[in-house]
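Please work through each task before reading its solution.

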Amino acid sequence: MASDRQHGGDSGVGYRPVMVRLPRVLTALLVGCAGPGACTTAGRNAPADDAIGGTVTVDGVWLPRWQAIGTSHGGRPLRATRLGHGPRRVLWIGGIHGDEREGAVATAQLPHRLLTEPGALARVTLTIVEDANPDGTAQGTRGNARGVDLNRNYPAPSFQPNRFFGMAPLDQPEARALHDLIVAERPHLVVVLHAWRGDHFVNYDGPAAALAQRFAVRSGYRVQPSDGIAPTPGSLGSWVGGTLGIPILTIEYERGTEPWTAWFDTRAAILAVVLDDER
Ligand SMILES: [Zn+2]
């Protein structure tokens, strides 16, 4: 197929560059590059139709092309990459609580897995935000550099202003960056990774019950309804699912799970929901 040749082909197994064109509005959102050996030339002043995202190879090793969609309080980039050119838009968020990094390998491995799945790149456009709270990750804290829980800073009706959740919705730069990306992208599905003490499950908001069930069947995780969890005012899930009506899955790995184990346990389920695969 012409489109396969243009994009390097689904059989490229991750060792050939895969270039992806972003919608004009998204191109404008991506603000320069970040990450060793994986920068692109597209930035705020780049032509709107510049081809960005995708992959590069350095010394024979496949690397995503990361770009910053924003900057944290501490000056760290919120890195994003994009794979595929299919009609189904999926946004993957590798983490939002800095002390919950059990899903880090899943985020790192997902691009490779997608590149090796026949036909996947023609079915889905996958945007990956590596970490929505890079300061928290660097510090090993739940909140960002100002101690704000970014998963309470979204403009849902349940938002509660205080110094731990932010005094107003989106008053934290990390939350604003993700908000702007989601508004521009209007994904068909958002997946966000967390970790929970002493348990693992998949939670959902918005019209995602069937997807959550599909994830549960493939992973052995159970579906935990939102109303069975502690209140989460102003959470990403309540805004994306409740306010925008976009399906969002929250994957809760068990705290302390070895990240490679977490990936192996859930990779089939992840692929099934990312590709909307009913097999
Ligand atoms: Zn969490």
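**Exercise 1: The faces of a strand**

Both faces of S10 are covered, since Phe201, Asn203 and Asp205 on one side and Val202 and Tyr204 on the other are all buried (20 or more other C-beta atoms within 10 Å of the residue's own, C-beta atoms being placed from the backbone). The model is predicted: local features need pLDDT of at least 70, side-chain atom pairs count only at pLDDT 80 or more, and totals for chains, interfaces and linings use all residues. Residues are numbered from 1 along each chain as its sequence is written.

Task: state which residues S10 spans and how many of them are buried.

Solution: Strand S10 covers residues 201-205, and five of its five residues are buried. Strands are DSSP runs (E) of at least two residues and helices DSSP runs (H or I) of at least four, numbered from the N terminus.

**Exercise 2: The partners of S10**

Task: determine in which sense S10 pairs with S12, parallel or antiparallel.

Solution: Pairing requires at least two DSSP bridges between two strands. S10 and S12 (residues 248-254) are antiparallel, with five bridges; Asn203 stands opposite Thr250 there. With S11 (residues 222-223), S10 runs parallel over two bridges, and Phe201 faces Arg222.

Note on methods:
A residue is buried if 20 or more other C-beta atoms lie within 10 Å of its own, exposed if 12 or fewer, and partly exposed in between; C-beta atoms are placed from the backbone.
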